[in-house]
Amino acid sequence: MFSRMAPRGRSGLGRSLAELGLLLLAILVLLDGTVLSLVAAISSESDTHEAKPVTHKNTSKKSFPVLGIKYDDVSVPFEIALWVLLASLMKLGFHLIPRLSNVVPESCLLISVGLLVGGILKLARDEVPPVLSDRIFFLCLLPPIILDAGYFLPIRPFVENIGTILMFAVVGTLWNAFFVGGLIYAVCQIAQDQYSDIDLSTIGILPCLLFGSIISAVDPVAVLAVFEEIHINELLHILVFGESLLNDAVTVVLYHLFEEFMDSGSVSAVDAILGLVSFLVVALGGVLVGAFYGILAAFTSRFTSHTRVIEPLFVFLYSYMAYLSAEVFHLSGIMSLIACGAVMRPYVEANISHKSHTTIKYFLKMWSSVSETLIFIFLGVATVEGEHHWDWIFLTSTVILCLVARIIGVVGLTFIINKFRIVKLTTKDQFIIAYGGLRGAIAFSLGFILHSEHKRIFLTAIITIIFFTVFVQGMTIKPLVELLAVKKKNEAKRSINEEIHTRFLDHLLTGIEDICGHYGHHHWKNKLNRFNKKYVKKILIAGDRSKEPHLIAFYHKLEMKNAIQMVESGGGSKLNSSFPSTVSMQNIQPKIQSPPSARPSERVLPQLTKGREEEIRQILRTNLQKTRQRLQSYNRHTLVVDPDEEGFDDLFLKKRRRMELDWKLKQMTNYLSVPRPQGSPTMSRARIASDSQAYVKPGAENVPTIQIDLASPQSPDSVRLLDEVVQDQGLTMSLPSSSRGAYKTSGKDDGRDQQTLLRCLSDPGPDPDDDDDEDYDDDEPVPT
Amino acid sequence: MGATQTHSEYQYENMVGKTGFSTEQIKNLHMRFQQLSGNEKTLRREHLKNIPALANNPIKTEIIEAFFDKRNQLDNELGSYEEIGFEEFLMVMSHFRPLSIKTSAEEKTAMRKQKVRFLFNMHDTDGDGKITLEEYRKAVEELLSESGTIGQEVARAIADAAMLEVASTNVPNMGPDDFYEGITFEHFEEILKDLEMESRMHVRFLDMNTANLRCGQ
């Protein structure tokens, strides 16, 4: 928006900022490392100090301690806070250095930092505290990320591709697990390694399969971290991401299955069947638990209209409970969390206030961001800390097998899936899907809690794979995407036309299916929607909102967004767009044959009620009075409003804008957005409708003018009304020759000489005591 | 126009060429046609109106009209039929064919144009080649017809906003006195270009078999 300033500033300060950033980073890392070790050292000292006074109590009188160190009491929260602070400062640092963050994905940088910190800690003290315990990981670090993903999951593409996603998640992961597990066992048996100090052939088939199941799952954290930066098209994003979420069920089942088998020692056919059943239970159970909590949350949110402040809390708590409940029964916690977020979202969003919505959004983003950062840093630290067992054969064969398995899996499955898909997956798509199969911290944590005798070698291999995928694949995927010219995400916002026609198409296709007698996709979707509308919404959404159809909700959201944008852009004078459109409501309203008034070029606009007219009159009077007072100080002969006049009061315009805006918001009129013109990256502009016209400087035919027109009911009379009022006050306005009978005023845009802005005068003033925020708070159901 | 009397292979082959369906699909659709028309040779509006499942559809009138619209047939005349034969029925259905992996890029563009044309004809009820504000308003009102009076008031505003958007994108520099007559076909194509009609506007005819075909529910 105000981007004129930023690029200049950035390039000028760029180099010094980069240096500053690097310096900052280095200092922080060192500081943190030393603080941690220092603190730990002091704690051990204070322990010894504590012991002594007890024995010498009777012999010497201790002087009153003015200043003492008691680190133990706060050690745990202190360290946690320090870690989180470190993580956040790192994140801050990276974004100060733009060049670095363009080349290297954040996850790589964070792991490197983790390695660094781990190294420092190891040097400072001989043992590093086990910072990434699996409990912290699974209970605290993972849920925010998954909830963030689940709550903001784009439902439509997800459901449209659910078949493909499930295929990849279930069949793909199974294939990977067995392929890698089986072949690594074969490699171990065949390997004749004189350099290794353990005999690979002692690794049985079951540990290998267990290892395979751990390493085969695509990791949502890593995928999110990398894919977020490459802005790939929606289809691919949802395929890889959906797969990474849903394969958790498979991983959980396989992991527990093989662990049980390892303990019991033998496998039977019954066990295999039970495994299959267990998979269904885990997956469906997780989803049901999540859906249950989601519905509870939606129901609770129905009653929160008087306690808006704790609304976000309900969302977070119910989701966390869903996760924990699923974990209690060994169900898939991730699927439960996703189901909870996805189920509750449409209902909760309809119930909660705008501010709560913002709060939820930002808290989720914040927590997931911090979690992600911490996870990667801890990965780095744990790498340094752990006891590793380097066995080249094992490691290289693992890496190769994983890649091969992934490629074969993706290609094979796509071949089958394409028979059922309408939009086929091309080779490019397949490559990206295969290449985007990143492993991450979940695999590491699962490996961490292994009880196998070969834990060390497995852990080393897991870490190697993670590093390989995150560093090599993560760094190269962006240039590859560019190279292959894969379709990128469509950044433009949905326009109202697209929305209308999407809805239209839905109904059309449902109708055609009904005519064909064919119960397809659309038929069932339609049935679900109707059921949802008839019963579910009534229960879960408070008040009138339950009846609001999607199109209207979308439209109101659009209006709101545009209104907010308008305000943020500083009242119009800073609006910059390459070529604005001059189309206004007048251009599309049909002219009526015999205009009721004498004016020849009268526009047809809907009638305004008498009460409204009176209001407008009143407000105009008050406004113009104030204007007059202000303008008098400019010492003019005639108060001609002319865009050439330098001294036109900016403040007046801003205030006017604000007043218009407030009124408009209360009336819920049209904010018509100008869609992005081709090639222009600027945001769309909101238009406030008014019934006056743009004042075009005479002689400036090609001036791109911004027209602001009224789409809400306004009487044609009010156009004249303006004149009337104006004349009452003694303000003379010079009307342009091509008179429309309307009063015009315009303001000057600083940066653009050629542009003139329109001001709408037909608005009542706001209540001066009005809190600005009130306008955006959806406390009542939207009156439509 | 008129009904196809024989169900010979020759006739089917003819239609395969014109509509792009396979013989199997044509056979199935023929059976459905006969079910709907009560074994008569032509289909009338009442036959379609009697489908129970269609009753809840907010735009059912438009859909039914589309079948009888002459513009959706190959000759592209104006006006509408009173009754249609199987060939016309098939022609309309062919607009909803899915893409196959073998479709070339030109075929894709042609298909998309055809589908968008179908949509356009649904909106442009008077056949003047433009979707006027009134027609657009009517379409949006129908869409929101299930929501009662609330929907109707906002429908107008939404239609106005949408129209304005089309006008702004396509004719950005209109003078204050110019009148934007209506959305032409090119403008219509323009606003829908991001929606990828060729892949979205389809019905799966793949697994249609007679067991599934039931008249109504």
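The following questions and answers concern a predicted model.

Student: What is the average pLDDT of chain A?

Tutor: The pLDDT is the predictor's confidence in each residue, from 0 to 100. In chain A, 61% of the residues score at least 70. The average pLDDT of chain A is 70.

Student: In chain A, in which element is confidence highest?

Tutor: Confidence in chain A is lowest in strand β1, residues 746-748, with a mean of 35. At the other end, with a mean of 92, stands the element that covers residues 311-328. That element of chain A is helix α12.

Student: How many contacts beyond four places in sequence does the model have for residues 668-784 of chain A?

Tutor: Over residues 668-784 of chain A, the pLDDT stays under 50.

Student: Is A:V404 buried, partly exposed or exposed?

Tutor: A:V404 lies in helix α15 of chain A. Buried means under 20% relative accessible area and exposed means over 50%, with partly exposed in between. Because its relative accessibility is 32%, A:V404 counts as partly exposed.

Student: How many disulfides does the structure hold over all chains?

Tutor: A disulfide is a covalent bond between the sulfur atoms of two cysteines. In this model, a pair of cysteine sulfur atoms must lie within 2.5 Å to count. Over all chains, the number of disulfides is zero.

Student: How far from A:C208 is the nearest cysteine sulfur?

Tutor: A:C208 is in no disulfide. The nearest cysteine sulfur belongs to A:C188, and its distance is 4.7 Å.

Student: Is A:C208 buried or exposed?

Tutor: A residue is buried when its relative accessible area is under 20%. The relative accessible area of A:C208 is 0%, so A:C208 is buried.

Student: How many helices are there in chain B?

Tutor: Read along the sequence, chain B follows the pattern α-α-β-α-α-β-α-α-α-α-α-α. Two strands are present in chain B. The number of helices in chain B is 10.

Student: What percentage of the residues of chain B count as buried?

Tutor: Chain B has 217 residues. Its accessible surface comes to about 9700 Å², of which 48% belongs to carbon and sulfur atoms. Of the residues of chain B, the share that counts as buried is 50%.

Terms used
Residues numbered from 1 in each chain as written. Chains lettered and ligands numbered in written order. Predicted model: local features only at pLDDT ≥ 70, side-chain atom pairs only at ≥ 80, totals over all residues. Heavy atoms only, no water. Helix = DSSP H or I, 4+ residues; strand = E, 2+ residues; numbered from the N terminus. Contact = heavy atoms within 4.5 Å. Buried < 20%, exposed > 50% of the residue type's maximum accessible area, 1.4 Å probe, protein only. Areas by Shrake-Rupley, 256 points an atom, 1.4 Å probe, with all protein chains shown as cover.
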